[in-house]
Amino acid sequence: MAGVQVANVSRSFGAHKALDNVSIDFADGGFYALLGPSGSGKTTLLRQIAGFDFPDAGRIAIGGESVERVPVEKRRIGMVFQNYALFPNMSVADNVAFGLSVRGEPKVTIAAEVQRALDLVQLGKLGGRKPHQLSGGQRQRVALARAIVTKPRVLLLDEPLGALDKALRVDMQIELKRIQREIGITTIFVTHDQEEALTMSDRIGILRDGRLVQEGPPEEIYDRPQSEFAATFLGDANIFRGDATGSGIKLPDGTTIAASTGAAVPAGAKASCAVRPERIRISPGAAKPDPANANTLTGQVSKRIFAGNNSTYFVDRDGQTLKVIVQNTGAERLAEGQPVVLSWSPDSTVLIAA
Amino acid sequence: MADQLAIGSRRGLKPALPLLLPAYLWLTVAIFLPLSAMVFFSLMTDLPVAGKEWSFTLGNYAAFFSQSLYSTLLLSSLRLGLEVTLWCVVIGYPAAYVLAKVLKGRSREAIFLLVILPFWSNGLVRIFSWAMVLREGGILDTALNAVLPFKINIDLMYSYPAVIIGLVHSYVPYMVLTCYLTLQAIDDSLIEAGRSLGASRRQVLWRVIIPLSMPGLIAGAALIFVPVVGSFMEPRILGGRTGTFYGTVIEDQFVSVFNWPLGAALSFILLAVVLIILALAAPVLRRAA
Ligand SMILES: Nc1ncnc2c1ncn2[C@@H]1O[C@H](COP(=O)(O)OP(=O)(O)OP(=O)(O)O)[C@@H](O)[C@H]1O
Ligand SMILES: [Mg+2]
């Protein structure tokens, strides 16, 4: 088992910079999600680590050793591909056995290891089937068993759950996490599903246009995004733009918003504030402002979306539409068109340098 | 695949009849009729032309077994077929691999065209141009002597290698095409998966790529082996005196000796031998594919 260090890695295809000076330290035994929109360079980064492609600049080390001159087959990585890439001519058991058999392990050892790996992914009885006789979720598990049976140092997964439906996806997330804990392998998981990244990983790296936007534990990125992009890409956020005052920002209409988390921005500079929709309290226009929630705005409900356990209100205010999520506690529901007061605490407000 | 076909035929035979009819008609007219005429010929003592007397006989078939010349020639023709097929694999498979997996875009199109070119040139022209290349004082001889510091004599004309060269050139496009089609269908991620599991390039080739391209190799081999065993043009023109094979003997019966009954009988024996070989090979090939 080993950590992976990516240091100042760049990779261009023609004039297009698919990776631009990316540095990430993947800790030994951690579960790491790489998140980013389509074309942001997630697969490209994974391919550099796997050794299918080589960086133009920068350094990649696995277990503290530079892998610059190490070919794929010597890197001791396990990879799960988005399309599973199972060998169609081999049975499930032979697929899983492949990595051990090219190493020339004795047949008895191989059979035992293969059975153990198949049991781990709960496919112990299906070793004799061909890949085309399996369901999507089963194929995905075979691909996982095949990748881990060789005891790789690092497990790389490129959107492994992308092709599965929602329910199966959640099952597989839990299963994958269980297996990862059980064998304690360093795992790098590419996804563009933010929920998946939040629920599964110890740390998240957000990529955009080949650059690493922010990196850290899910809570930290969610609570203290360092850019508007990070704030809106991972979860929902209301963004206010204005001039920094030293303790918050002043909107163009003169309203001030106090923020007690986030970056230090010198007064007068352009800055923005991000507030999560579930941190905002919404009350009818006549209600008294709550002193604990020092930030207050007034507006008008333009739309309400009821989603069972919660409701989302869209509130129009000075040309901007704000989003507020309210738990369904059985309290009075607000009607569309009703004037409302929004209030939230400076602790829930993140200051972001423009 | 097989069960899909079965379902298709069970459900769809009736509506498909009008579609199938022309094909069956064509097969009957183009293959079955001439073939039965040839069966008829092969059982005659002589051609029924100019009022000659004729009767039914098995003598033409017996001739094959009574004279060892024919079976010797058939064996050397089978060997020729095997060798040409092997050379086509050795040359055609790597070419197909490069076309399918290495080249991209325009360069792929250009090379593809070069591979197909022998298909589009007239067979006789192709063979005679090889004669120009291979003979003493020909293009190959002159070119090599111009480059090499010492004098060598290249005269491949009228030899077994010349026949092989000519046949391989004519038939290698089949191998390239069939292998190209199967290789192209192999997802690159399978190759990457193999490598990520610790297999070297060579191991991936032997354990993943070649098994998956077996259908193409087999189809190519069948397309090449069968006609090469019966070939007569290349052996005759490029082989000269050494170019007597089973195919040239059959041709002689039809073209110069006018012993059509014997020629027809010899062809049917060839057909039977080829079918037996394919039938014997089928289980092995099916497992490989
Ligand atoms: N082999 C290549 N040749 C040219 N451009 C490439 C190549 N591979 C990737 N790119 C480009 O690099 C950029 C990053 O691609 P990459 O596949 O890493 O994106 P991604 O983040 O994995 O996106 P997705 O979520 O859609 O899979 C894209 O703009 C892509 O077009
Ligand atoms: Mg990708």
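Predicted model: local features only at pLDDT ≥ 70, side-chain atom pairs only at ≥ 80, totals over all residues.

Trainee: Which residues of H9(B) and H10(B) meet?

Mentor: On the H9(B) side, Ile210(B), Pro211(B) and Leu212(B). From H10(B) come Met214(B), Pro215(B) and Leu217(B). By class, that contact has six nonpolar residues, with no polar and no charged ones.

Trainee: And chain B overall, how many helices and strands?

Mentor: Chain B has 13 helices and zero strands. Its elements are α from the N terminus on.

Trainee: What box do the C-alpha atoms of chain B fill?

Mentor: Roughly 75 × 70 × 30 Å, taken along the principal axes.

Trainee: Switching to the ligand. How many residues surround ligand 1, and which are the closest?

Mentor: There are 13 around ligand 1. The closest are Ser38(A), Gly39(A), Lys42(A), Thr43(A) and Thr44(A).

Trainee: Which side-chain atom of Ser38(A) is involved, polar or nonpolar?

Mentor: A polar one, 2.5 Å from an oxygen atom of ligand 1. His16(A) also has a side-chain N or O atom 3.1 Å from a ligand 1 oxygen. Gly41(A) uses its backbone: an N or O atom there lies 3.0 Å from an oxygen of ligand 1.

Trainee: How much of ligand 1 does the protein bury?

Mentor: 59% of the 630 Å² that ligand 1 exposes when taken alone.

Trainee: Which elements give two or more residues to the shell?

Mentor: Strand E2 (16-26) and helix H1 (42-50), both of chain A. H1(A) supplies the largest share, three residues.

Trainee: And the shell around ligand 1 by class?

Mentor: Three nonpolar, eight polar and two charged residues.

Technical notes: Residues numbered from 1 in each chain as written. Chains lettered and ligands numbered in written order. Heavy atoms only, no water. Contact = heavy atoms within 4.5 Å. Helix = DSSP H or I, 4+ residues; strand = E, 2+ residues; numbered from the N terminus. Nonpolar A, V, L, I, M, F, W, Y, C, P; charged D, E, K, R; others polar. Near = heavy atom within 4 Å. Polar contact = N/O pair within 3.5 Å; in protein donor to acceptor, adjacent residues only side chain to side chain. Areas by Shrake-Rupley, 256 points an atom, 1.4 Å probe, with all protein chains shown as cover.
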